[in-house]
Amino acid sequence: MLKNVGFSYIMLQSALKHIQFVVYSNYQRKGDEPVNYFAHSPNDAHPGGQLLLEHLQNVSALAARFAAAFDAAAEGAYAGMLHDIGKYSDAFQRRLGGAP
């Protein structure tokens, strides 16, 4: 279980806290304009695209449920919140918009 790893667990908690503002605010500002970040392109389930925050929260809850089976729900939740954190980038968002 990750709790027993000590330093790695502390580093994971620290990383999560470091990015928490970006994740939970759901947008950053460029000048005066808020910028929404999306997890993926529009599809049948999410015709307007799915906001990254919503996707991360959904995966976090699911991963926590799965990991609870081996007493690691908190670690599963962390992993779920972090698994697509790289999508909080302008480059990825441009790619979703069709840029090469």
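**Overall fold**

Along the sequence, the protein follows the pattern α-β-β-β-β-α-α-α. That amounts to four helices and four strands, where helices (H or I, at least four residues) and strands (E, at least two) are DSSP runs numbered from the N terminus.

Two remarks on the source. This is a predicted model, in which local features need pLDDT of at least 70 and side-chain atom pairs count only at pLDDT 80 or more, while totals for chains, interfaces and linings use all residues. Residues are numbered from 1 along each chain as its sequence is written, and side-chain values use heavy atoms, with hydrogens and water left out.

Of the 100 residues in the protein, 28% are buried; buried means under 20% relative accessible area, exposed over 50%, and partly exposed in between, with a 1.4 Å probe and protein chains only. Contact means heavy atoms within 4.5 Å. Among contacts between residues at least 6 apart in sequence, 53% join residues at least 24 apart.

**The helix pair α2 and α3**

How do the axes of α2 and α3 cross? They come within 7 Å and cross at roughly 155°; axes here are lines fitted to C-alpha atoms, for helices over the stretch in contact, and angles run from 0 to 180 degrees between N-to-C directions. That angle makes α2 roughly antiparallel to α3 (under 35 degrees counts as roughly parallel, over 145 as roughly antiparallel, 65 to 115 as roughly perpendicular and the rest as oblique). On the α2 side the contact is made by L56, Q57, V59, S60, A63, A64 and A67, and on the α3 side by A73, G76, A77, G80 and M81.

G76 is buried, with a relative accessible area of 8%. Not counting residues up to four places away in sequence, G76 touches S60, A63, A64 and A67. From G76 to A61, 15 residues apart in sequence, the C-alpha to C-alpha separation is 8.1 Å.

**Core and aromatic pair**

Which residues form the largest nonpolar core? There are seven: Y37, A39, L52, L53, L56, M81 and Y88. Such a core is a set of buried Ala, Val, Leu, Ile, Met, Phe, Trp, Tyr and Cys residues joined through side-chain atoms within 4.5 Å. Helix α2 (residues 52–67) supplies the largest share of this core, three residues.

The structure holds one aromatic pair. The rings of Y37 and Y88 have centres 5.1 Å apart and planes at 55°, so the pair is tilted; rings of Phe, Tyr and Trp (its six-membered ring) pair if their centres lie within 6.5 Å, with planes under 30 degrees apart counted as stacked, over 60 as edge-to-face and the rest as tilted. This pair links distant parts of the chain, 51 residues apart: Y37 is in the loop between β2 (33–36) and β3 (38–40), and Y88 is in the loop between α3 (73–82) and α4 (90–96). Y37 is buried at 1% relative accessibility, and Y88 is buried at 12%.

**Two further residues**

Q93, in helix α4, counts as buried at 16% relative accessibility. Beyond four places in sequence, Q93 touches N36, Y37, F38 and K87.

Finally, G49 lies in the loop between β3 and β4 (50–51). G49 is buried, with a relative accessible area of 18%. Leaving aside neighbours within four places in sequence, G49 is in contact with F38, H40, S41 and P42.
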